[in-house]
Amino acid sequence: MSIAVMTSGGDAAGMNPAVKRFVDYSIEKGEKPYLIYDGLTGLLDGKIVEADKHAVSGILFRGGTILRSSRSQRFRDPEYRKIAYEQLEKRGIDKIVIIGGDGSFNAARVMSHEADVAVAGIPATIDNDIPCTDYCLGVDTALNVIREAIDGIRDTAASFRRTFVIETMGRNCGYLAAMSALTSGAEVCLIPEVDYDMDQITRRLNDEITQGRLYSIAVVAEGVAEGRNIAETLERKTNMEARLTILGHIQRGGSPTVLDRRMAFEFAHTAVEALLDGERSFVTVTDSLNVKTKPIDDVLSSTYELNPYICKMIHPLCH
Ligand SMILES: Nc1ncnc2c1ncn2[C@@H]1O[C@H](COP(=O)(O)OP(=O)(O)O)[C@@H](O)[C@H]1O
Ligand SMILES: O=P(O)(O)OC[C@H]1O[C@](O)(COP(=O)(O)O)[C@@H](O)[C@@H]1O
């Protein structure tokens, strides 16, 4: 029996390194890996190709997904899904890795219930809105794209007396906007999860303008309100000219950052390993980003060791 991979839903940087690790590790484990092109649409249409190492060489540093992606209405229909299961059965595929968001995981769960197929989800969405995991592929790359944009806008902002409103993606989740505002030193941040008070915000800005503030930056998540309306309100209430920048799909592009490549590698490795161990319906998750405290004595009495997991990963490169 064989193992396959697809990317589904909104594309995200890190999908390509995950596909590469999936193929390389499957081959290393003696499996026959398949690539499903065009996400769930491609599964229905049989766009499924057996992969060798060559198929995934030179993709590690590329943004987007070489497998392409889709959002499929047909897949929501049980009659169409029977066609998908026939496509898998014909090729002897009984294990699938789906790299995508929670929508794609819903599709994966349906598959595991209706057909004899084990499914693994790898979280990938710039929105970072999948429960039970601290991190989804694409987030760090998107944050760096936003950071670069805000740094650039700050250059021109500092040369004028203006307010700049920057609208980020994230659908109904404020993660991208919040992290961008914190790491770029924005004066204002509006996200769907936190109530805001425009009167209070403009009073604060007006006080700061009186004390010499020359410009300000407001980061607004797309799920909050029209950025244009926020810019108009800020301009009217602070008497400072406002400009709006909607970053849009540029946030989904770009070469994956080191963190996205590393997490792609670990998620894909773990997904393949667990499927081969017989796990049937799961998502790879991480909670490594929690910050906590440790007594200083504990730290100083311990010895640093390179994480054994990293040593295991590097092992094939040493032999
Ligand atoms: N409950 C469901 N049953 C079957 N397929 C689903 C279900 N929910 C989502 N899907 C499929 O998953 C696809 C990807 O979901 P979407 O929400 O668009 O992206 P993401 O995976 O990024 O959240 C949808 O276009 C649809 O084909
Ligand atoms: O590319 P589309 O279909 O216009 O979708 C835009 C949406 O996709 C995203 O970029 C990513 O969302 P998903 O990863 O959940 O698909 C959202 O932030 C944005 O609202």
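The model is predicted, so local features need pLDDT of at least 70, side-chain atom pairs count only at pLDDT 80 or more, and totals for chains, interfaces and linings use all residues. Residues are numbered from 1 along each chain as its sequence is written, and side-chain values use heavy atoms, with hydrogens and water left out.

**Strand S2**

Strand S2 covers residues 33-36; strands are DSSP runs of E with at least two residues, and helices are runs of H or I with at least four, numbered from the N terminus. Pro 33 and Leu 35 point to one side of S2, Tyr 34 and Ile 36 to the other, and all are buried (under 20% relative accessible area with a 1.4 Å probe, protein chains only). Two strands pair if DSSP finds at least two bridges between them. The pairings of S2 are listed here.

| Partner of S2 | Sense | Bridges |
|---|---|---|
| S1 (residues 2-7) | parallel | three |
| S3 (residues 48-50) | antiparallel | three |

Leu 35 of S2 has Val 5 opposite, and in S3 the bridge partner of Leu 35 is Val 49.

**Arg 162**

Arg 162 lies in the loop between helix H5 (139-158) and strand S6 (163-168). Why does Arg 162 count as buried? Arg 162 counts as buried because its relative accessibility is 14%. Its side chain makes a polar contact (a donor and an acceptor among N or O atoms within 3.5 Å; for residues adjacent in sequence, both must be side-chain atoms) with the side chain of Glu 241, at 3.2 Å. Leaving out residues up to four places away in sequence, Arg 162 touches Leu 214, Tyr 215, Ser 216, Met 240, Glu 241 and Arg 243, where contact means heavy atoms within 4.5 Å.

Conventions. Chains lettered and ligands numbered in written order. Buried < 20%, exposed > 50% of the residue type's maximum accessible area, 1.4 Å probe, protein only.
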